[in-house]
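My notes follow in the order in which I took them.

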Amino acid sequence: MSRKASVDLASTGGARGGSLSLEEAARFGDTAIAVAAKAIAAHRNRPGALLPILHDIQDALGYVPEDCVGLIAENLQRSRAEVHGVLSFYPHFRRAPAAGAVVGVCRAEACQARGANELIRHAQARLGCGFHEAGADGEATLEPVYCLGLCAQGPAIEVNGERHVHVTPERFDAILERARYGGREA
């Protein structure tokens, strides 16, 4: 029987949310379902398992695919609406792949006091998009970040997980250019 990622795996022969359905999902040809099954298996018995599962999936795939929501809900004995509620509440979680480099600009008060608002205006103009959007050319996805822990060195940004401090609009452009070509800032 050929299966697709949209199949509700818990009802295809495994006990509802049981280990058999997770084993089946882990063998599934769809990478997203296999990643979700692995994350669920690692965290399902922890209190508050939903957030670590969602973080593991996003860390592995760059976003949380819709196809994973049902598997997560079934295995945590929650409704799909509860999982969707968490995904939509936290701006960190993406529901679709990011375009190009993922650029996070710190919006915490310390960075704002050191010029982050000017940097945000520049980043939005440079990329041609707002927060939680991809630039028109697909060069980058702009995300707000609420404290990178670099308060004394702000404004700070994070590009594809690499942090940069004392970022001016000119430096932002240089960092973005390096990210586009896979280079690192000196």
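The entries below go from the overall fold to single residues.

**Entry 1: fold**

I noted at the start that this is a predicted model. I looked up the secondary structure and found eight helices and five strands. Along the sequence I read the order as α-α-α-α-α-β-α-α-β-β-β-β-α. The protein has 186 residues, and 42% of them count as buried. I also looked at how far apart in sequence the contacting residues are. Among contacts with a separation of 6 or more, 54% are between residues 24 or more positions apart.

**Entry 2: nonpolar cores**

I looked up the largest nonpolar core and found 23 residues in it. Leu50, Ile53, Leu54, Ile57, Ile72, Val83 and Leu87 have the most contacts inside this core. Helix 2 (31–43), helix 3, helix 4 (66–76) and helix 5 (80–89) each give it at least two residues. The largest share, seven residues, is from helix 2. I then picked Leu50 and listed its contacts, leaving out residues up to four places away in sequence. Leu50 touches Ile72, Leu76, Arg78, Val83 and Val86. Apart from this core I found another, of 17 residues, with Ile120, Phe131, Val167 and Ile175 among them. As background, nonpolar side chains tend to be buried together in soluble globular proteins.

**Entry 3: helix 4**

I checked how well helix 4 is covered. Nine of its 11 residues are buried, so I wrote it down as mostly covered, with buried meaning under 20% relative accessible area. The buried residues run as Cys68, Val69, Gly70, Leu71, Ile72, Ala73, Glu74, Asn75 and Leu76. Two of these, Ile72 and Leu76, are also on the contact list of Leu50. Gln77 follows helix 4 and has a positive phi, near 55 degrees.

**Entry 4: the largest pocket**

I looked up the largest pocket next and noted a volume of about 390 Å³. It is lined by 18 residues, and His92, Arg94, Val102, Val145 and Glu158 lie nearest its centre. By class, the lining has seven nonpolar, six polar and five charged residues. Which elements each supply at least two residues of the lining? They are helix 3 (50–61), strand 1 (101–106) and strand 3 (140–145). Strand 3 gives the largest share, three residues.

**Entry 5: Glu143**

I then went to Glu143, which is in strand 3. Is Glu143 buried or exposed? Its relative accessibility is 6%, and therefore Glu143 counts as buried. I looked for a polar partner and found His132: the two side chains are joined by a polar contact of 3.0 Å. Leaving out residues up to four places away in sequence, Glu143 touches Pro91, Arg94, Val102, Val103, Gly104, Val105, Phe131 and His132.

**Entry 6: Asn160**

Asn160 is in the loop between strand 4 (157–159) and strand 5 (162–164). I put it down as partly exposed because its relative accessibility is 49%. Its phi is positive, about 50 degrees, although Asn160 is not a glycine. Which residues does Asn160 contact, once its neighbours within four places in sequence are left aside? They are Ala101 and Val102. A polar atom of the Asn160 side chain lies 2.8 Å from the backbone nitrogen of Val102. I also took the distance from Asn160 to Gly100: they are 60 residues apart in sequence and 9.3 Å apart in space, C-alpha to C-alpha.

**Entry 7: the loop between strand 3 and strand 4**

I looked up two further backbone spots, both in this loop. Cys147 is in the loop between strand 3 and strand 4, and its phi is positive, near 90 degrees. Its relative accessible area is 40%, so I recorded Cys147 as partly exposed. Pro155 also has its place in the loop between strand 3 and strand 4. The peptide bond from Gly154 to Pro155 is cis, with omega near -5 degrees. I marked these spots because most residues other than glycine have a negative phi, and most peptide bonds are trans.

Methods: Residues numbered from 1 in each chain as written. Predicted model: local features only at pLDDT ≥ 70, side-chain atom pairs only at ≥ 80, totals over all residues. Heavy atoms only, no water. 1 Å grid on protein atoms, 1.4 Å probe; cavity = no way out; pocket = protein on both sides within 12 Å on 5 of 7 lines; lining within 4 Å. Points joined across faces, edges and corners; volume = space filled by probe spheres on them. Helix = DSSP H or I, 4+ residues; strand = E, 2+ residues; numbered from the N terminus. Nonpolar A, V, L, I, M, F, W, Y, C, P; charged D, E, K, R; others polar. Buried < 20%, exposed > 50% of the residue type's maximum accessible area, 1.4 Å probe, protein only. Contact = heavy atoms within 4.5 Å. Polar contact = N/O pair within 3.5 Å; in protein donor to acceptor, adjacent residues only side chain to side chain. Core = buried A, V, L, I, M, F, W, Y, C linked by side-chain atoms within 4.5 Å.
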